[in-house]
Amino acid sequence: MNPRNRPDRRVLLALVALGGVMLLWAAVTAALVWSTLAPAGRSALAELSDSMAALGGLTLLFVLLGVAPGLNALVRHYVKPPARLLEEARTLLGTDATRAPTAHGTPDNRALGEVILALAQQRDALRADVAQQVQAASRSIEQERSRLAALMSELTQSVVVCNLDGRILLYNTRARLQFRALSDAPGVASGAELIGLGRSIYTVFDRKRVAHALENIQQRRQRGVASPSAQFVTTTRAGQLLRAQMTAVTRAPDDGDGAAITGFVLMLDNITREFEEESARDALLLALTEGSRASLASMQAAIDMLDLPDLEPAMRERFQTVIRDEIGAMGARLHTLADNAAKGIKTRWPLEDMLGEDLLSAAQRRIDAPGRLRAGIEEGDDGGGALWLKVDSFSLLQALASLAERLADEYDIRSVSLRLGRAAQAGRAHLDLIWQGQTMSTETIMGWQMDDMVSGGERSPLSVRDVVERHGGEFWLERERVRHRAFFRFLLPLASEREQLDAAELFPLGSRPEYYDFDLFQTSESGCALADRRLTELTYTVFDTETTGLNPGGGDEIIQIGAARIVNGKLLRQESFEQLVDPQRPIPAASIPIHGITQDQVDGQPTIAAVLPAFHAFAQDTVLVAHNAAFDMRFLQLKEAATGLRFEQPVLDTLLLSALVHPNQESHRLEAIAERFNITVIGRHTALGDAIVTAEVFLRLIPLLAEKGIHTLGEAREAAQQTYYARLKY
Amino acid sequence: MTHRILIAVDDPNMRMSLEFMFRREGFDVSVAHNDAATLAAVAEQPPELVLLDLNAAGHSSFDVCQALRAQDVPSGPRIVLLSAKGRDTDIAKGLALGADAYLTKPCPTRALLQQANALLEVTA
């Protein structure tokens, strides 16, 4: 029977109920009739009803049969459609599907179906809208963040942002370079043990000093100062003088809780050099004043004596000698002062470091005026393009351009060339503007130096002389008679050795590394023990060692240590540690194919006694992770007695953890695991290469461990202990 | 009466002029060229006035002045500091350490002589 046509149970029930009601009606009627009748009538009725009962039953049946289809139709029309609609509406509510509910029955019911559909559509539209907005918002946040990171990394000021616990959550390239200068072991860890996301700023700064500065800021905020900042100068362990300017990071005002301080920004200046220069200048000044006073006093006394009319010739001669001596001494003193002051002068006007090559090509572009004046670059004898200059490039280019224009306008020169070279004077370079042909008189040159510069139709308030003075340099005209040429020569300061280094290092960063992690704002040193912290929120040092062999107890030694950091679930490749170590024993030839490190490479490298302290600092406050950690840890532990450094951090072993999540796999070698996780392996079998692969493996293991109910460090260590491999003590 | 004066000056040019002048003015002059010699000379035969100008490395008029005052002699010598250090902090320090007068170089020899005479007249 077609289920659609099968009568509803409710219809049957209704029919039974109807039959019952009719029977009851008949019974009640019969009882009433019965009660009104005389006994004779009653017996007659009883007789009659006996024969009528069958007929009555039959009519009842007919009535019921007649009502049934109508009743069924009523139910189908009025009862079932709302029920069906209800089910469909529930489906719509429970799922994301949006299809028109099939509404039958009364017009009201059908209209209700349409309304439900409309509501569902409205819901979908709202949902899509919300999703879109969320997406747009997060995209713009991401954009803002990367814009900020880009900005930060380009800044020449070093910036470090910390949360209230002093954990670093942003730093820029300049800060990284600066911290390198602060490192105790600059050659080994390059400051990576001091600066890094999630690291504590208090390894560099005294905690109390920072707290004091924050307190100052807090107090001034309470007094209503809009954006107070605090300054302090501090010496670091490496003896450097740092000036820090601190401003507070506050929670957005609509975040409730007023504008509580959530962290701070430090802008750092290494003022060691400035301070030294300043001190030197002070000392110079003091030497000059005191020295001059002493000399003047001696001369005064001698002259007072010479004034005496009755002085003997011998004494007169002696006093005259005194005066000559003192004049000579003062002259010498002034000479030294002048020399030193000339060096000091370059710090007055803020000059920028610029590569000679860049300056030359910028000048060429500036001077070149097609059809009127051609500018070329002439190779100097000593590769001047590679020199680093300290210049105010804007005004210097203006000076060159204005001179070239005057040559073209007043002497009809059509072609000039530029040349840069190291000057005979230490710390100076000369920049020449060369032309062929006519030269001018000394008076003209004088005038050109003093006149306001005009280039490209624009008049500058500065003269060439001003520009030269700004550089603490010199300017003159020289003639090369043999080649019928002349040139203007600018004597300019070179950037000092260290400044050159800094500037050169700012360039090779191809991709922008991750120097920020604002999620660290949210984290705080919760009181919960390390073992109870979640694996996803810990900071790890993932490391690997290369060794001369497999037997640490039998005299094998570490020849390379490599390590990378994981902070907040992200692998920070650029905060890495990689160092070759002189094992102070020969490297067995058999092991060279494995690690690829030859004796030549380790000769002259620091010994483990120098490297281990740097690595210890690098790994401070983190959980150690290694593949087959027992092996590497054994090497480290054997050095404990000699270096006094204990690696007491908790250790996780990716080999054990891998065995834990994939107990049925045969191999838990690093290559095999990396292949399982589809990790591209680059540079394996260097310590850092392996450390990075291990880190990638570890990051993929964390969610798999979570599936097994292993969430915290304590759980992970306990579970790893119990795996089969753990029973094989190395 | 001739006054005894000790000229403790390390700069030979200055010492020569001062020695010449004070002798000419009729003082009983002895000289010392460093701090040890100064302290020894004072101990041997206490002068009425010490003219201190010790600046060379390792010597300081301030130290000698303090050492002389520390000897706790009831009527110790008058002390005149002659110095190229002319900041007011230097002067304050010199006077605080027990100098009776502080003269900043250069100063006319006449002023020096007047100062010495003034101090000696007070004692006399």
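**Close-up 1. A:Arg669 sits in a loop between two helices of chain A.** This is a predicted model, and here we zoom in on the loop that joins helix H19 (654–661) to helix H20 (670–676) of chain A, where A:Arg669 is found. Is A:Arg669 buried, exposed or partly exposed? It counts as partly exposed, because it has 13 C-beta neighbours inside 10 Å, and a residue needs 20 or more to be buried but 12 or fewer to be exposed. Look for A:Asn628 too: A:Arg669 and A:Asn628 are 41 residues apart in sequence, yet their C-alpha atoms are 8.9 Å apart in space.

**Close-up 2. Helix H17 (residues 629–638) of chain A has a buried side.** Which residues of this helix are buried? They are A:Ala629, A:Asp632 and A:Leu636. These three cover an arc of only 75° around the axis, so they end up on the same side of H17(A). Here's the general idea: an α-helix has 3.6 residues a turn, so residues three or four places apart point the same way. Among the elements covering the buried residues of H17(A) are strand S15 (540–547), strand S18 (623–626) and strand S19 (651–653) of chain A.

**Close-up 3. Five strands of chain A make an open sheet.** Reading across, the order is S17-S16-S15-S18-S19 (chain A), and the pairing is mixed. At the edges you'll find strand S17 (570–580) and S19 of chain A, each pairing on one side only. On average, and ignoring direction, neighbouring strands of this sheet are turned by 25° against each other. Zoom in on S15(A) and S18(A): they pair in the parallel sense over three bridges. A:Thr541 has A:Leu624 in S18(A) as its bridge partner. H17(A) packs on the sheet, touching S15, strand S16 (558–567), S18 and S19 of chain A, and its direction makes about 75° with that of S15(A).

**Close-up 4. Helix H6 (residues 207–222) of chain A has a buried side and an exposed one.** Start with its length: at 1.5 Å a residue, its 16 residues should span 22 Å, and the end C-alpha atoms are 23 Å apart, which agrees. Buried in H6(A) are A:Val210, A:Ala213 and A:Ile217. They share one side of H6(A), because they cover an arc of only 65° around the axis. After H6(A) comes A:Gly224, with a positive phi near 95°.

**Close-up 5. Strand S10 (residues 428–436) of chain A pairs with S9(A) and with S14(A).** With strand S9 (residues 415–422) of chain A, the pairing is antiparallel over seven bridges. There, A:Leu418 has A:Leu433 in S10(A) as its bridge partner. The hairpin of S9(A) and S10(A) has five residues between the strands, and A:Gly427 in this hairpin takes a positive phi near 75°. S10(A) also pairs with strand S14 (residues 485–493) of chain A, again antiparallel, over nine bridges. Opposite A:His430 stands A:Leu491 in S14(A).

**Close-up 6. Chain B touches chain A.** How many residues does each chain put into the contact? Chain B brings 16 residues and chain A brings 17 residues. On the chain B side, helix H1 (residues 12–24) gives the most, with seven residues. By class, that side has nine nonpolar, four polar and three charged residues.

Terms used
Residues are numbered from 1 along each chain as its sequence is written. Chains are lettered from A and ligands numbered from 1 in the order in which they are written. This is a predicted model: local features need pLDDT of at least 70, side-chain atom pairs count only at pLDDT 80 or more; totals for chains, interfaces and linings use all residues. Two residues are in contact if their C-beta atoms, placed from the backbone, lie within 7 Å. Helices (H or I, at least four residues) and strands (E, at least two) are DSSP runs, numbered from the N terminus. Ala, Val, Leu, Ile, Met, Phe, Trp, Tyr, Cys and Pro count as nonpolar, Asp, Glu, Lys and Arg as charged, and the others, Gly among them, as polar. The expected span of a helix is 1.5 Å times one less than its number of residues. The arc is that of the directions from the helix axis to the C-beta atoms. Two strands pair if DSSP finds at least two bridges between them. Axes are lines fitted to C-alpha atoms, for helices over the stretch in contact, and angles run from 0 to 180 degrees between N-to-C directions.
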